[in-house]
Amino acid sequence: GNMTVSDNLNVNSNGKMEVRGTLAAGAAGRSLNINSNATLKIEGDLVVYGDLRLNSGATLEFTGTNSSVTVYGNVYIDRTNAVVKGIFTDVKNKFK
């Protein structure tokens, strides 16, 4: 299915959120936060209109072979132990 969140979206510490379909989150000045040791697993399309933040221990996992991510803001990844995994198309080339 599809889900739209027009404000900040947080996957809280040690939390897990799974989406099949499209998740559209945020607006300019808002963000999608995946907090410490939390996981966002998506099979489909992720659209973030603000910033995407992966905090310490966070996991963003794409499943399947046709997933995509579009981030209009900035991507902040804690490089010590946050993880982005799976096969996905990076529409705006933010995950370099």
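Modeller: Let's start with one tyrosine. At 45% relative accessibility, tyrosine 72 is partly exposed, a class that sits between buried (under 20% relative accessible area) and exposed (over 50%), using a 1.4 Å probe and protein chains only. Keep in mind that this is a predicted model, where local features need pLDDT of at least 70, side-chain atom pairs count only at pLDDT 80 or more, and totals for chains, interfaces and linings use all residues. Residues are numbered from 1 along each chain as its sequence is written, and side-chain values use heavy atoms, with hydrogens and water left out.

Biologist: How many aromatic pairs does the structure hold?

Modeller: Rings of Phe, Tyr and Trp (its six-membered ring) pair if their centres lie within 6.5 Å; planes under 30 degrees apart are stacked, over 60 edge-to-face, and the rest tilted. Going by that rule, the count of aromatic pairs here is 3.

Biologist: What is the centre to centre distance for tyrosine 49 and tyrosine 72?

Modeller: These two form a stacked pair, with 0° between the planes. Tyrosine 49 sits in the loop between β5 (39-48) and β6 (51-54), and tyrosine 72 in the loop between β8 (67-71) and β9 (75-77), so the pair ties together parts 23 residues apart in sequence. Centre to centre, it's 5.3 Å.

Biologist: Is phenylalanine 62 buried or exposed?

Modeller: Its relative accessible area is 3%. The cut-off for buried is under 20%, so phenylalanine 62 is buried.

Key: Helices (H or I, at least four residues) and strands (E, at least two) are DSSP runs, numbered from the N terminus.
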